Structures are given as C-alpha cells and as structure tokens.
Amino acid sequence: MKVKVISRSADEFTKERSQDLQRVFRNFDPSIRTQEKAVEYVRAQNAAKLDKIFARPFVGAMEGHIDSISCMAKNPNHLTGIFSGSMDGEIRLWNLASRRTVCRFPGHKGAVQGLTVSTDGHVLVSCGTDSTIRLWGVPVSNLLEEDVSSDKSAEPRETYVWKNAFRSVDHQWNSDRFATGGAGVDIWNHNRSAPEQSYQWGTDTVVSVRFNPGEPDILATSASDRSIALYDLRMGKPTSKFIMRTRTNSICWNPMEPINFTAANEDSNCYSFDCRKFGEATCVHMDHVSAVMDIDYSPTGREFVTGSYDRTVMIFPYNAGHKREIYHTKRMQRVFCVKYSCDGSYVISGSDDTNLRLWKSKASEQLGVLLPREQKKHEYHEAVKNRYKHLPEVKRIVRHRHLPKPIYKAGKQIREQNESQRKKHEKRKAHSAPGSIVQEPLRKRKIIKVE
Amino acid sequence: MGVKQDGGTIDIVPAMEQEKISDELDKRVKKFLRGAEANLEGLKDKKLKGQLAVREELYGKSAHAAAKAEKWLLPSEGGYLETEGIEKTWMIKQESIAREVDILSSRSQYDIVLPDLGPYTLDFTSSGRYMAVGGRKGHLAILDMKNMSLIREIQVRETVRDVAFLHNELFFAAAQKKYPYIYNRDGTELHCLKEHGAVLRLQFLKNHFLLASVNKFGHLRYQDVTMGRMIGSYRTGLGRTDVMQVNPYNGVVALGHSGGKVSMWKPTSSAPLLQRLCHKGPISAMAFHPNGHLMATAGKEKKIMLWDLRKLQDEPIQTLPGHASTLDFSQKGLLARGCNSYVQILGDFSGSQNYENYMGHGMIKGYQIGKVLFRPYEDVLGIGHSMGWSSILIPGSGEPNFDTWVANPFETSKQRREKEVHSLLDKLPPETIMLNPTELGTVKTQRRKEKRTKEEKEAEMEAALEAVKGIEPKKKTKGRNKPSKRAKKKQEMIVSAKRPFLEQQKKEEEQATRKKQKVSEQVEQPTALQRFVRKKAAT
C-alpha cells in the first residue's frame with residue numbers, strides 16, 4: 001500500500017528572518033476562486049469611481065503675455081521648453097516644470113502668426129502680420145536651469161522682410177529650410193533673405209503649412225479656398241489638392257504613421273486623411289460644437305489634442321469618432337493653439353485670455369516615479385474597467401463629464417439637428433424607388449472636388 | 001521543440017513524447033480557458049471584430065501560461081492512496097495509514113472525548129487553519145489546527161445549535177437557544193442578532209459578507225455583517241428545516257425540507273429560485289461540489305442522490321443506497337457520508353461522475369455522528385459526534401496548492417488585515433447572486449416574440465390556401481358525385497382553411513379598438529354619466 005498525505009513544512013512557506021520578503025504562492029485554478037465575474041465587475045465599478053476621484057487634470061497656468069496667444073512651438077530635444085507667440089508681437093520661452101518665462105523675444109510689430117524651432121533646437125523662426133520673418137537664437141543652457149529670472153530678452157539674429165503678411169511657418173526635419181504660408185507657399189533657407197522657391201496654386205491665402213515628419217520633402221497646406229494641398233519639394237511642384245466644404249484651420253501629421261494626417265476644420269469636426277487617397281477621409285472626429293482652431297498629435301501617434309473656438313480642449317483617439325476627454329475652465333476663453341508635450345503626458349493650451357495652461361493628458365494619472373507594484377495596479381484597473389465598460393453602471397461613471405451649460409446645450413442642438421436630417425433622409429428613401437436616393441458616407445460628403 | 005546542432009538534427013525530446021506533452025498541456029489549457037472561444041463570424045463591425053480577435057488570442061495565451069505554471073511551478077503535490085494486489089482501499093484502516101505517514105501528518109488523527117457537553121458541531125475557516133467547535137450544551141471553542149492549540153473556549157450556558165466563522169478567524173457566530181450571537185476570537189460577545197429568532201442553521205456567504213440563517217419556523221434571513229443591515233427576511237412556507245447549505249459556486253442558499261423538496265433562494269427575491277422534489281421522504285442532508293455542478297442530497301428513505309445542477313433533469317445522475325445524517329464534498333470532489341457511527345468516503349476516480357466506495361472509518365458504537373466536514377487544503381476530515389470530535393486522514397481529499405491571495409494557511413496578522421480590507425473592497429452586492437454566475441455581463445436576448453408583418457401573414461394564408469386547393473376530393477359513387485356538391489365541398493374546405501387567419505385578424509382588430517376605447521375614455525363624460533365611466537384601479 002502506498003500512501004501520501006499533504007504535508008507542508010513550515011520552512012518553505014514562512015519567512016526565516018524578519019527582513020526577508022514574504023513569499024507569495026499562486027494557484028490559478030478557477031475552481032478555488034468563486035464568482036470571478038462578479039468580483040471583476042465590482043472591481044471595475046470601483047476602478048471607475050477611483051478614476052473620477054483622482055481626476056485632477058489642471059496642473060497650472062503660465063501667465064505673462066498681455067494679449068491673446070496665437071501660436072506655440074515645441075522642440076523634441078528639449079522636453080521642458082515651449083515657445084508661445086501672442087497677438088501683440090511678444091514671444092516667450094517657458095519652462096514647463098517651473099511654469100516661468102525663461103526668455104523673451106520682443107521685436108515683432110504685429111501679431112505673431114507662426115512659430116517653429118529648427119531640428120537641433122538652436123534657432124527659433126517666427127513670422128507675423130508685419131510681413132517679417134525673424135530668426136532668433138535659443139538660449140539652450142538657460143532652459144536646463146529651473147530657477148532663472150524671466151527678464152532675459154534676446155535680439156533677433158536675422159530679420160527678413162517680404163511682400164505679404166505670413167500666416168504660418170514650419171521647419172523641415174534635419175535641414176536648414178523652412179516653409180511659410182501667406183499669399184502662397186514659400187520655401188526659405190536660414191541664410192537667404194529671399195525664399196528659395198515659391199508655389200502658388202489658386203489665389204487664396206495659405207492658412208497653415210506642415211512638413212511631414214517621416215518624409216521631410218512632403219508638405220501639406222491648407223488654404224482659405226477650403227482646400228488642402230500636398231507639395232513635394234524634390235519634384236519642385238505641388239502634387240495634389242482637394243477642396244472641402246469648409247476651411248481647414250490647422251493640419252497635423254501623425255508622427256507614428258506619417259502617411260496619415262488630421263485636419264482641424266471650421267465645421268467643428270476633425271478629418272483624418274490618408275495622403276495617398278484624397279477622395280475620402282479615413283475618419284471623422286465629431287464632438288466640438290464650434291470651429292476647431294488647432295490640433296496636435298501625441299508622440300505615440302495614438303491620440304491627438306484639439307483646441308476649439310468653443311472654449312474647450314478635447315483629446316481624441318486617433319481612430320475614434322468621439323472624444324476621450326474634455327477640458328474646460330470658466331477662465332479659459334477661445335482656445336487658439338494646443339500642443340501635446342513631447343513625452344505624451346501633458347497638453348498645453350494657449351487661449352484668448354492671455355494664459356497658457358498645462359493639463360495632464362490622462363486626468364487621473366499619478367505623476368512621478370511609480371513603483372512596479374503601483375504600475376501593475378494601475379494597469380489592472382485600466383484592464384478591468386475596459387472589460388466591463390459597456391455595462392450600464394460602469395458606463396455611466398466612465399462616460400460622465402461635466403460640461404458647461406452653453407456647450408452642453410449646443411451639443412444637444414447639434415445632435416438634434418443631425419437626427420432630424422437623418423430622419424428626413426430615411427423618409428425620403430422610404431418613399432422613393434429603391435436605389436434612387438443614395439447617401440454618401442460622411443467621410444466622402446465633405447469633400448467637393450479632388451484635383 | 002528539437003535542437004539543431006552542427007552535423008545533423010538531434011531532437012532532445014522524441015516525437016511521441018512531444019505529442020503526449022502537448023495533449024496533456026491541452027487538457028490543462030482547457031481548464032483555464034473558462035468556456036469556449038467566441039464565434040466572431042457574425043460580426044459586421046470590422047473594428048470590433050479586430051479588437052475581439054486580439055482579445056481572444058490574449059485569453060489563449062494567458063490560459064497557456066497558467067497551464068505551464070500549473071505543470072512546473074506548483075510547490076506541493078496531492079495525496080493519494082494506492083493499494084497492491086487484492087487489497088481494496090475501503091479495507092484500509094486509519095491505524096495502517098498512520099504507520100505509513102510522517103509524524104506531522106499523523107498528529108492530525110485524534111479523538112477528543114467530551115461526553116458531558118453534548119453533540120458537537122464544527123466549522124473551519126476558509127484557509128483550514130482555525131476550527132470553531134460548538135457543543136450542544138453550550139461549549140464554544142476556537143482552536144488553531146497548525147499548532148494544535150486551543151485559542152479560547154467559553155461556556156455560554158445555553159443550547160448551541162450551530163457555529164459558523166465569519167470572514168476570518170476573528171469572528172464567529174453561534175446559533176444559541178433564542179438568538180444567534182457573534183463572538184470575537186477572545187470570546188467577547190460582540191452582537192446579539194435578535195431579528196433572526198431561534199436559529200437552527202447558520203451559513204456565511206464569503207464573497208457577499210452575508211450571514212444566512214434558517215430558524216425554527218422556517219424563516220430564511222440574510223444579514224450583511226459589514227453594516228448590520230438585514231437584506232432579506234423570507235418565510236419559506238415549507239416548515240421547519242435544519243438542512244441548509246450554501247452553493248459556493250454561485251452563492252445560492254439551498255434548503256432541504258421535510259416533504260423531500262429542495263428549494264434554492266437568493267437574498268433579493270421572496271420566491272425561491274428553484275423548487276424540486278428530490279426525495280420520497282424528508283431530506284436529511286445536502287452538500288455541494290465546489291465546482292458548482294454537483295449536488296448530493298440524502299433522504300430518510302435510505303437513498304443518496306447526486307444531481308447535475310447544470311442540466312436539472314428529473315432523474316439524478318446517480319443513486320446510492322444508505323442513510324446519511326450529514327454529507328460533505330471535499331475540494332478534490334470526494335464525498336463524505338456520516339451515519340450513526342460510520343463515515344464512508346466516496347470518490348469519483350474514472351472522471352465520469354460515478355461515485356464508488358473509497359474509504360471508510362468506524363467509530364466506537366454509540367458515538368452518533370452529527371457533522372462531517374473536510375478541512376480545506378489538508379487531507380483531513382473533521383467529524384463532530386455526540387461524544388466530542390475527531391479527525392481522520394483521507395489521502396487525496398484536499399487541494400495541495402493554495403493561493404496566497406485566496407486563502408493562506410500560513411497567514412500573518414499583517415496579511416490578514418490587508419486581506420480583510422481587500423475583500424471588503426471586493427464585497428459583492430447581493431444582486432449578483434444568481435443560478436448561473438457566468439451570465440453577468442452578457443447581453444439579454446429579446447424576450448418578446450417578433451410580430452409577424454402583414455406580408456408574412458398574407459403569405460402564410462396564401463400558402464394554406466394553395467395547399468387546400470391542391471387536394472383532390474374523393475370520388476364518390478352511387479349518384480353522390482354531383483358537380484354542385486363537389487363545388488360546395490371545395491368551398492367549405494377553402495373557408496375552413498381561411499378561418500383561423502381571419503379569426504386572428506379579428507382578435508387583433510378588437511384589441512386595437514379596445515385600446516383606442518381606453519384612450520378615448522379619458523375624454524370627459526358629462527357629469528350625469530360619470531358613474532358609468534370605467535374607473536382605473538387605484539395604484
């Protein structure tokens with residue numbers, strides 16, 4: 001007869017000395033843990049509630065400008081610095097960690113309409129309504145010191161005067177060239193006082209200009225004739241153009257998938273396009289109630305932030321039709337520019353009330369260095385919330401956002417309008433010959449012509 | 001799985017063995033999969049389909065990882081009893097086991113004789129380390145089974161009918177003569193639960209922190225022990241019963257009644273979830289298998305029946321002969337049956353849910369067995385009888401590997417405190433108790449039958465008419481086959497085919513007009529006719 005009985009020796013299962021770690025034994029057998037789904041559901045509810053309790057997205061405001069902020073620029077090599085230009089011509093360099101001005105760049109006589117930094121971070125290019133382009137040297141060492149007084153001001157290295165006011169500027173990757181948008185698209189070099197190349201397609205002003213981060217010779221522009229055009233600098237000619245129903249205020253390329261870009265439009269939607277297929281948008285992002293003024297992608301390429309004329313900042317996932325997050329404050333007026341910080345954790349908005357505001361991109365994120373156990377706990381909470389977020393109790397908590405009354409009402413109105421349009425269309429379809437009334441998808445409807 | 005070396009391939013594991021390993025791993029993987037793969041063919045939403053496909057793949061990977069961990073990383077192995085030659089397992093006595101087994105384990109075999117204080121009932125904590133003992137004449141005690149020491153004993157000088165631990169060893173409840181009381185580990189009386197009345201049986205639902213009790217009048221009560229709120233108090237209507245068990249799989253409380261009925265209850269409804277006639281005589285004992293699929297019931301007509309709870313057929317899976325005043329399932333699925341002074345252990349070794357005799361233990365004649373309970377995570381069976389309590393070794397009954405975060409027999413006080421807080425955060429609301437706990441989070445299918453559209457109804461009528469017209473009437477002879485009569489017969493057949501459809505239409509129209517009438521009756525009638533207006537029943 002062979003017998004064996006369970007016998008555990010205490011040495012294996014208890015710790016020898018008080019400074020030893022307690023050993024943890026796992027048995028993943030589902031039969032020893034009962035009602036797993038219900039426990040997970042309760043944990044999802046608790047995770048959603050905790051998320052809401054810890055949601056404090058506003059970090060701080062940077063004040064100093066005396067007029068509304070029109071543009072911002074960031075450089076990936078310096079995470080803590082951001083440039084902002086205002087409507088009275090003042091440009092400032094801010095340190096995000098201390099939220100103080102590091103350096104001022106006075107000089108522009110009118111509004112600063114575009115700011116961009118060269119790839120190595122040493123040269124700041126600014127353009128404005130006074131028809132000038134100014135190149136400034138960036139004080140790199142000062143950026144690293146945290147407590148620096150804000151009285152430093154710099155002189156422009158170069159000032160190039162041109163024939164027309166400029167609306168936007170963007171720098172080419174790893175090169176000395178930058179492009180401006182005004183009457184047409186001009187390609188400049190740091191050392192020349194006149195543009196190397198000039199393109200004109202149509203007679204309308206070019207409102208925004210963006211170089212592709214993956215293919216440095218490709219340029220996307222948007223003009224006030226409601227068009228978006230692609231230029232290729234190697235071929236020396238504009239490549240393609242399509243016209244939409246309303247004007248695009250700003251464009252941003254997806255840094256992780258450089259064939260895609262998203263356009264922030266006047267009709268309160270953002271449209272994502274694949275630059276190879278201009279006939280239709282890949283996604284329509286709808287949630288703003290007023291014109292979208294600016295857009296910037298996160299360095300992960302998975303979400304983007306938009307600032308709109310309706311006084312809110314929204315964060316959208318790159319492939320979803322609706323927002324993930326909305327930020328608003330009573331004191332924040334029309335948002336004219338937004339930037340996603342280069343580490344993907346923060347969002348900076350510049351608005352009409354002369355302040356730059358720093359927000360967390362994930363509202364309930366714990367900042368600072370997390371222990372691995374804390375990190376695992378946060379990941380678990382995210383995962384369990386995602387598993388049950390379709391159930392009504394959890395969905396109600398996860399989706400809830402407090403909106404200011406005007407935005408809530410405007411949103412409701414827009415939904416009602418869309419709903420009534422849809423019903424009308426359904427009825428027309430139902431009362432006419434099958435197949436005679438065809439509605440194009442929204443992605444195609446907004447594009448009028450492709451050239 | 002092979003390893004390529006210079007100069008030809010040399011497999012470290014030969015092909016046959018590789019197959020065996022992968023088969024074994026597949027079986028284990030199935031255990032961790034928690035159901036079949038979802039069928040994503042019917043989904044039209046491509047984005048959702050892609051996301052779900054990724055998730056399904058992740059589930060497969062995690063089940064695979066868990067299977068590998070189970071195979072290689074678990075510290076302990078289970079117990080077993082193997083006989084050689086003509087020996088049978090049920091002939092082996094506890095003394096022979098004691099000789100073969102190490103000293104530490106043989107300490108678990110003992111008899112404690114306390115003849116004056118009445119039949120004893122016992123309860124273990126979920127980790128199996130602490131035991132609460134209650135004698136009928138008022139003796140309550142808590143023991144630490146690891147050190148075999150008595151923590152505290154008190155004499156309450158009242159009848160004690162049942163003992164139950166709450167969520168950990170610090171609190172236990174005793175069903176005393178008039179009311180149940182909750183005591184501390186030090187024996188201090190913490191609460192007197194007056195609302196319950198004279199309780200016969202107590203059960204604690206771990207995940208929900210609910211104390212369930214059934215009293216002398218057959219009233220079932222659920223009380224939340226965290227805040228003291230009474231969740232439900234229901235009159236079962238089936239009389240006095242002292243057979244009550246909780247199904248650990250879904251948290252449902254089952255009562256066995258003197259008419260042979262088994263009823264299952266949940267705290268949020270006053271009607272039972274399920275009522276089945278299981279036995280011809282009164283039910284004397286009940287037990288649930290930890291996986292939630294098997295229920296064993298014993299009736300006073302000397303029959304023990306095993307039921308499959310998933311299928312709920314009219315016939316039990318297996319019927320065994322014999323009395324049982326108490327039944328219990330172990331973690332590994334062994335069934336213990338106690339009657340008079342004999343304990344029989346039955347086991348299902350072929351995997352086909354066919355229980356056969358495994359072991360037995362006879363106590364001194366005169367010791368009436370009141371309760372048998374397997375100790376969790378140990379190969380030990382605790383027996384409470386009229387002269388005290390005993391403990392015997394049953395190899396292969398306990399789960400050898402515990403999970404620190406589920407139940408830890410080597411818990412320190414710090415771990416116990418943390419676990420208490422975590423389990424309170426994970427406390428399930430009483431609404432989550434249902435017969436099938438995997439239903440949570442699923443989509444409810446539409447109950448209402450879809451109304452057939454007008455076209456479908458017309459199509460049906462036409463089809464019936466065609467069928468009738470196609471039938472050839474019988475040719476009659478002797479002058480009865482006149483054409484006028486044939487035509488009349490055909491007309492009659494068509495009318496009788498149409499009649500059910502027309503009647504259905506008429507009924508629906510009547511209902512519609514009645515509804516319209518009801519709505520129009522809201523119109524104000526002149527005052528003289530007010531008394532004839534149909535009044536709505538007061539809500």
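Predicted model: local features only at pLDDT ≥ 70, side-chain atom pairs only at ≥ 80, totals over all residues.
The size of an interface is often given as the accessible area lost when the parts come together. Chain B and chain A bury about 4,700 Å² between them. Carbon and sulfur atoms account for 55% of that area. Asp403(B), Phe410(B) and Leu440(B) together supply 12% of the area that chain B buries against chain A, which is more than any other three residues. In terms of residues, the contact takes 62 from chain B and 40 from chain A.

Across the interface of chain B and chain A, 26 residue pairs are in polar contact, with both residues of each pair at pLDDT 80 or more. Several elements of chain B each supply at least two residues of the side that touches chain A. These elements are the helices α1 (15-33), α2 (46-72), α3 (94-100), α4 (103-106) and α5 (413-425), together with the strand β3 (80-82). The largest share comes from α2(B), with 5 residues. Sorted by class, the side of chain B that touches chain A has 28 nonpolar, 18 polar and 16 charged residues.

Side chains of opposite charge can pair when their charged atoms come close. A search of the whole structure finds 44 salt bridges over all chains, and the count between chain B and chain A is 7. One of the residues named above for its buried area, Asp403(B), meets Arg26(A) in a salt bridge, with an N to O distance of 3.0 Å. Lys31(B) forms a salt bridge with Asp29(A), and here the closest N and O atoms are 3.9 Å apart. This pair crosses between chains: Lys31(B) belongs to helix α1 of chain B, whereas Asp29(A) is in the loop between α1 (10-13) and α2 (36-53) of chain A.

The two chains are also joined by strand pairing. Strand β1 (residues 2-4) of chain A and β3(B) run antiparallel and are linked by 3 bridges. Within this pairing, Lys4(A) stands opposite Tyr80(B) in β3(B). The strand β3 (80-82) is also among the elements that supply at least two residues of the side of chain B that touches chain A.

Residues 285-326 of chain A are 0% helix and 50% strand, with end C-alpha atoms 14 Å apart. The annotation "domain: Sof1-like protein", also from an unreviewed UniProt entry, covers residues 361-447 of chain A. That span is 63% helix and 1% strand, and its end C-alpha atoms lie 32 Å apart.

Ala320(A) is placed in the loop between β25 (313-317) and β26 (325-327) of chain A. Leaving aside its neighbours within four places in sequence, Ala320(A) is in contact with Cys283(A) and His285(A), and also with Lys47(B) of chain B. Ala320(A) and Asp267(A) are 53 residues apart along the chain, and their C-alpha atoms are separated by 18 Å.

Lys302(B) lies in the loop between β22 (294-299) and β23 (303-308) of chain B. Apart from neighbours within four places in sequence, Lys302(B) is in contact with Leu320(B), Pro321(B), Gly322(B) and His323(B). The C-alpha atoms of Lys302(B) and Gly281(B) are separated by 8.9 Å, the two residues being 21 apart along the chain.

A further UniProt annotation from an unreviewed entry, "domain: BING4 C-terminal", covers residues 357-437 of chain B. The chain over these residues is 16% helix and 30% strand, and the end C-alpha atoms are 32 Å apart.

Terms used
Residues numbered from 1 in each chain as written. Chains lettered and ligands numbered in written order. Heavy atoms only, no water. Helix = DSSP H or I, 4+ residues; strand = E, 2+ residues; numbered from the N terminus. Contact = heavy atoms within 4.5 Å. Buried area = accessible area lost by both parts, 1.4 Å probe. Salt bridge = Lys/Arg side-chain N within 4 Å of Asp/Glu carboxyl O. Polar contact = N/O pair within 3.5 Å; in protein donor to acceptor, adjacent residues only side chain to side chain. Nonpolar A, V, L, I, M, F, W, Y, C, P; charged D, E, K, R; others polar. Pairing = 2+ DSSP bridges. UniProt positions renumbered as here; feature names shortened; annotations may be inferred.
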